[in-house]
Amino acid sequence: MYKVKEMFYTLQGEGAQAGRPAVFCRFTGCNLWSGRERDRAKSVCDFCDTDFIGTDGQNGAKFSTALELADKIASFWPTPQLGRSVEGVPYVVFTGGEPALQLDEALTSALKQRNFEIAIETNGTKQLPAGIDWICVSPKADAEVIIECGQELKLVYPQSLAMPQRFEQLNFEHFYLQPMAQDNANHTKATIEYCMAHPRWKLSLQTHKITGID
Ligand code: SF4
């Protein structure tokens with residue numbers, strides 16, 4: 001059983017794939033916060049601004065099988081499933097909550113059969129199934145990161161328990177800092193300054209919020 005909070009077709013807003021058309025699939029649940037306000041103060045990420053409880057979002061639902069969920073994801077793609085055609089490679093981004101709690105090899109296989117490239121945005125604290133093409137790890141506070149290689153490390157900045165130096169030795173192709181949404185103007189300024197002083201890091205902005213894309 002897969003529980004999906006919401007699912008929709010959009011453009012990726014953040015990081016190295018910003019601007020790329022993608023089906024977003026937000027799984028229900030996270031291992032670092034219950035999602036309930038009464039638990040926020042004792043959660044690992046008390047700055048979380050994502051609603052990942054239940055299945056009541058846009059196209060949210062429970063799916064009994066991987067095939068059923070893969071078919072639903074594929075139904076959002078705007079062109080027929082022609083594989084790696086001139087129309088672009090079908091792309092799905094799994095997010096959450098923590099998508100590694102539910103994403104499994106049955107689902108990645110079913111999506112590969114439908115010619116999808118698969119991305120995940122994970123907090124890096126859970127093992128990942130085979131078949132993921134783009135791994136984006138976003139470390140949170142002092143939570144132990146066990147996914148130490150991938151395509152993109154995207155760190156919300158600043159976090160006193162998760163400052164950039166802690167992750168610089170990990171094996172990622174891209175290192176991004178993304179200003180924390182709370183007090184965004186000040187955090188954006190601090191992030192720009194950090195990137196300019198430490199040029200390994202690049203600025204990631206939430207362009208979907210800036211442009212008003214859902
Ligand atoms: S890991 Fe992400 S979704 Fe989970 S509580 Fe932290 S910020 Fe929110």
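**Note on the predicted model: fold, core, ligand shell and backbone exceptions**

1. The chain has 4 helices and 9 strands; helices (H or I, at least four residues) and strands (E, at least two) are DSSP runs, numbered from the N terminus. Read from the N terminus, the order of elements is β-β-β-α-β-α-β-β-β-β-α-β-α. The radius of gyration, taken over C-alpha atoms, is 17 Å, close to the 17 Å that the globule rule gives for 214 residues, so the chain is as compact as a globular protein of that length. That rule is 2.2 Å times the number of residues to the power 0.38.

2. On conventions, this is a predicted model, in which local features need pLDDT of at least 70, side-chain atom pairs count only at pLDDT 80 or more, and totals for chains, interfaces and linings use all residues. Residues are numbered from 1 along each chain as its sequence is written.

3. Along its principal axes, the C-alpha trace spans about 45 × 40 × 35 Å. Of the 214 residues, 35% count as buried. A residue is buried if 20 or more other C-beta atoms lie within 10 Å of its own, exposed if 12 or fewer, and partly exposed in between, with C-beta atoms placed from the backbone. Two residues are in contact if their C-beta atoms, placed from the backbone, lie within 7 Å. Among contacts between residues at least 6 apart in sequence, 54% join residues at least 24 apart.

4. The largest nonpolar core holds 41 residues, and C25, V92 and I120 touch the most other members. Strand 2 (residues 21–27) gives the largest share of this core, 5 residues. Such a core is a set of buried Ala, Val, Leu, Ile, Met, Phe, Trp, Tyr and Cys residues joined through C-beta atoms within 7 Å. Leaving aside residues up to four places away in sequence, I120 touches F94, P99, A100, L103, L128, I132, I135 and C136. In soluble globular proteins, nonpolar side chains tend to be buried together.

5. Helix 1 (66–75) has L69, A70 and I73 as its buried residues. Seen down the axis of helix 1, these fall within an arc of 100 degrees, so they line one face of the helix; the arc is that of the directions from the helix axis to the C-beta atoms. The cover over them includes strand 1 (2–11), strand 2, strand 3, strand 4 and helix 2.

6. In helix 2 (105–113), L107, T108, A110 and L111 are buried. Their arc around the axis is only 160 degrees, which puts them on the same side of helix 2. These buried residues pack against helix 1, strand 4 and strand 5.

7. Y91 belongs to strand 4 and is partly exposed, with 19 other C-beta atoms within 10 Å. Not counting residues up to four places away in sequence, Y91 touches R20, P21, A22, F116, E117 and A119. Y91 and F24 are 67 residues apart in sequence, and their C-alpha atoms are 8.8 Å apart in space.

8. The ligand is surrounded by C30, L32, W33, C45, C48, T50, F52, G96, G97, E98, N123 and K140; a residue is near a molecule if its C-beta atom, placed from the backbone, lies within 6 Å of it. By class, this shell has 6 nonpolar, 4 polar and 2 charged residues. Ala, Val, Leu, Ile, Met, Phe, Trp, Tyr, Cys and Pro count as nonpolar, Asp, Glu, Lys and Arg as charged, and the others, Gly among them, as polar.

9. G97 lies in the loop between strand 4 (91–95) and helix 2. A cis bond also joins Y157 and P158, with omega about -5 degrees; P158 is in the loop between strand 7 (149–157) and strand 8 (171–179).

10. Most residues other than glycine have a negative phi, and most peptide bonds are trans. N59, although not a glycine, has a positive phi of about 60 degrees; N59 lies in the loop between strand 2 and strand 3 (61–63) and is partly exposed, with 19 other C-beta atoms within 10 Å. N115, likewise not a glycine, has a positive phi of about 70 degrees and lies in the loop between helix 2 and strand 5 (117–122). With 15 C-beta neighbours inside 10 Å, N115 counts as partly exposed.
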